[in-house]
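Take them one at a time, and try each task before reading its solution.

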Amino acid sequence: MVRAVQRRIIIITAVHPPSAPYLQDAYKSICEQELPEGWDWLWLIQEDGQGDEVAPYVPDDERVSFRQGRRGGPGVARTMALSRAESGDFIKVLDADDVLPPGALARDLAALTADDSIGWATSRVLDLLPDGSTKGFDGDPEPGPVERGAVLEYWKAHDFRAPVHPASLCIRRDLLLALGGWMALPASEDTGLLLALNTVSRGWFTSEVGLHYRKWPGQVTSQAAHTDSAERDARMAIVEARSRSLAWFRWRYPSDG
């Protein structure tokens with residue numbers, strides 16, 4: 001008997017040609033996820049560009065939807081994919097070169113369905129190094145709720161490094177839409193979203209590993225432009241300004257009204 005699916009978690013992935021070969025590893029990790037009864041997943045892959053190099057790596061699966069668009073960076077690609085996410089209540093971010101450990105999606109869903117006041121969830125992340133080994137981060141917060149404003153204050157005090165990793169985000173779709181998706185930045189677009197989310201809503205941190213974050217020479221964050229000081233200062237300034245403005249307007253999720 002086929003199990004009836006009542007709800008769906010939407011996985012959104014931005015991809016460009018250098019990262020396309022890793023899609024098969026990401027796909028395998030998604031297929032190995034065990035979801036609660038009544039849940040299924042849909043994977044929306046959006047190419048940042050319109051070439052012929054990515055499509056051959058896209059899995060042949062009816063649960064996988066692939067589209068292309070004009071180049072604009074990963075934030076633009078993810079936001080374009082969001083237009084196809086109307087069938088799901090929750091949006092899970094997965095970069096093309098990363099993989100999900102067993103249980104990652106189920107833990108995200110457990111956090112978000114147990115408490116309606118939680119707008120987003122993150123989890124512990126391990127760097128996946130080229131030799132296959134992993135390396136953790138010693139600044140993880142305590143597991144449980146992440147109160148509004150906590151991420152911004154930590155980020156400011158630790159040279160613009162957040163205590164939770166935006167690549168592990170799982171977000172309520174309506175909240176993500178209300179914030180306009182990912183920031184229109186050449187990089188740090190996911191950090192900008194994370195800080196905006198933390199400004200308007202409580203989050204959740206799971207101490208079990210929820211993402212293997214691949215480190216490799218071709219990733220965007222390893223390029224010299226990513227650490228250009230002038231651009232970095234500008235990115236950090238607008239990320240903080242957006243969060244401060246959201247705090248000043250006192251908009252909250254869930255709404256007091």
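**Exercise 1. Work out how the radius of gyration of the chain compares with that of a compact globule.**

Solution. Keep in mind that this is a predicted model. Start with the chain length, 257 residues. For that length, a compact globule would have a radius of gyration near 18 Å. The chain has 17 Å, which agrees with the globule value.

**Exercise 2. Describe the make-up of the chain and its burial.**

Solution. Begin with the secondary structure: the chain holds seven helices and nine strands. Next comes burial, where 51% of the 257 residues count as buried. Finally, take the contacts between residues at least 6 apart in sequence: 76% of these join residues at least 24 apart.

**Exercise 3. Find how helices α6 and α7 are oriented to each other.**

Solution. Two packed helices are described by the angle between their axes and the distance between the axes. Locate α6 at residues 189-200 and α7 at residues 229-249. Angles under 35 degrees count as roughly parallel, so α6 and α7 are roughly parallel to each other. The crossing of α6 past α7 is right-handed.

**Exercise 4. Which residues make the contact, and of what class are they?**

Solution. From α6 come T191, G192, L193, L195, A196, T199 and V200. The α7 side supplies V239, R242, S243, L246 and A247. Sorted by class, the contact of α6 with α7 has seven nonpolar, four polar and one charged residues.

How values were computed:
Residues are numbered from 1 along each chain as its sequence is written. This is a predicted model: local features need pLDDT of at least 70, side-chain atom pairs count only at pLDDT 80 or more; totals for chains, interfaces and linings use all residues. Side-chain values use heavy atoms; hydrogens and water are left out. Axes are lines fitted to C-alpha atoms, for helices over the stretch in contact, and angles run from 0 to 180 degrees between N-to-C directions. Helices (H or I, at least four residues) and strands (E, at least two) are DSSP runs, numbered from the N terminus. Angles under 35 degrees count as roughly parallel, over 145 as roughly antiparallel, 65 to 115 as roughly perpendicular and the rest as oblique. A crossing is left-handed if the near helix is turned anticlockwise from the far one by less than a right angle, and right-handed if clockwise. Contact means heavy atoms within 4.5 Å. Ala, Val, Leu, Ile, Met, Phe, Trp, Tyr, Cys and Pro count as nonpolar, Asp, Glu, Lys and Arg as charged, and the others, Gly among them, as polar. The radius of gyration is taken over C-alpha atoms; the globule rule is 2.2 Å times the number of residues to the power 0.38. Buried means under 20% relative accessible area, exposed over 50%, partly exposed in between (1.4 Å probe, protein chains only).
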